[in-house]
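Here is a short briefing on one protein model.

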Amino acid sequence: MQEQLKTIVSECIKEAEKCTKEAEILEIKAKYLGKKSELFSLLASLKDMSVEDKKKYGSLLNKIKQELEQKINDCLEKINSKSKISFDPTLPIYEEYGSLHPITIVAKETTDILKRMGFTIVSGPEMEKEYYNFEALNIPSTHPARDMQDTYWLDNGLLLRTHTSPNQVRAMEKYGAPIKICAPGRCFRNEDLDASHENTFFQLEGMVIDENISISNLIYVMKGLLKEVFKQDVDVRLRPGFFPFVEPGFELDCSCLICHGKGCPTCKNSGWLELCPCGMIHPNVLEMSNIDTKKYTGFAFGLGLTRLAMMKYKIDDIRILNSGDLRFLKEFTGQED
Ligand code: PHE
């Protein structure tokens, strides 16, 4: 038996040491210590032995059993510690920061500026009622202007808001006049995608209603806002623009930031960049929201945040903004230039 035991021990140790995976070592454990192992049957045969033999072999067999168990556990531990990630605590820290999306950056910047000018930030639902998106903005169902904004109509009777202007109505309803609010948000239009068209984009709505509000107030606010956004003086000009909820309505252009008005490909040699539709709030809109039009007037604007981000960061394909491409997003740390 002595010889047999010697072979068992040496074989088991040899095989256990060769193992590189946990599964392998567990197999060895079963082979040498399991119920079908030689050692197990030797231990089982103890009961048929004489008292003397029992004493002699009993302690020997148990010693060998313990020895093999110890060996197998050691091997197992060695394998497990190798597969654990080991690192050198003295290595310098690899700093990988998350980054803000460019739209988030411009939304925060513009609303911060407006907040300093006394605007309150409000928000509304992306799934909107027809009333807020169209009717209360002086766009009845027969109005051709509804076609200007290809709308996603939903099965639940709502729609995906096509602009942030519904926030004007919600704010008037909730707070009345005088009021000074801005509302950044995501909008949706059923557009075919190309480098300059997206079906999902961001706007920043602004609205001021008070006594004696005029176009000069609108220009003053827009100039102040753009000056801070672009960190330079910008000229603005107003061209007539049509939106049913403003009268008069304008397209606000700012002097081209690239050529400073001299003419370049970005501004198509005009020296101006189209930036922001705006206007004096239509009396119908004020009346529908119970604002006293004898006392109050107001202006509103709808700054295209997506367009602003593209201009600011010189992004030439709008689709990248919604692509979730981390290589692109990583370029924006939110720390200013
Ligand atoms: N909501 C308009 C649009 O998205 C923009 C706008 C806002 C125009 C406020 C005038 C005043 O087309």
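The points below cover the fold, the surface and some backbone features.

This is a predicted model, where local features need pLDDT of at least 70, side-chain atom pairs count only at pLDDT 80 or more, and totals for chains, interfaces and linings use all residues. Residues are numbered from 1 along each chain as its sequence is written, and side-chain values use heavy atoms, with hydrogens and water left out.

**Overall form**

- The protein has 11 helices and nine strands. These are DSSP runs, numbered from the N terminus: helices are H or I with at least four residues, strands are E with at least two.
- The radius of gyration is 38 Å, well over the 20 Å that the globule rule gives for 337 residues, so the protein is more spread out than a compact globule. The radius is taken over C-alpha atoms, and the rule is 2.2 Å times the number of residues to the power 0.38.
- Along the principal axes, the C-alpha atoms fill a box of roughly 120 × 50 × 35 Å.

**Packing and surface**

- Of the 337 residues, 43% are buried. Buried means under 20% relative accessible area, exposed over 50%, and partly exposed in between (1.4 Å probe, protein chains only).
- Among contacts with a separation of 6 or more, 67% join residues 24 or more positions apart. A contact means heavy atoms within 4.5 Å.
- The accessible surface comes to about 19,500 Å², and carbon and sulfur atoms hold 52% of that. Areas come from the Shrake-Rupley method with a 1.4 Å probe; for residues, only the protein chains shown count as cover.

**Charge**

- There are 44 positive and 50 negative side chains, and the centres of the two sets lie 7 Å apart.
- Lys and Arg count as positive, Asp and Glu as negative; His and the chain ends are not counted. Each charge is placed at NZ of Lys, CZ of Arg, CG of Asp or CD of Glu.

**Cis peptide bonds**

- Ala177 to Pro178 is a cis peptide bond, with omega near -5 degrees. Pro178 sits in the loop between α7 (166–175) and β4 (179–188).
- Glu247 to Pro248 is also cis, with omega near -5 degrees. Pro248 belongs to strand β7 (residues 246–255).

- Asn138 is not a glycine, yet its phi is positive, at about 65 degrees. Its place is the loop between α6 (130–133) and β3 (159–160). Asn138 is buried, at 16% relative accessible area.
- Lys314 has a positive phi near 50 degrees. The loop between α10 (305–313) and α11 (326–329) holds Lys314. Lys314 is exposed, at 62% relative accessible area.
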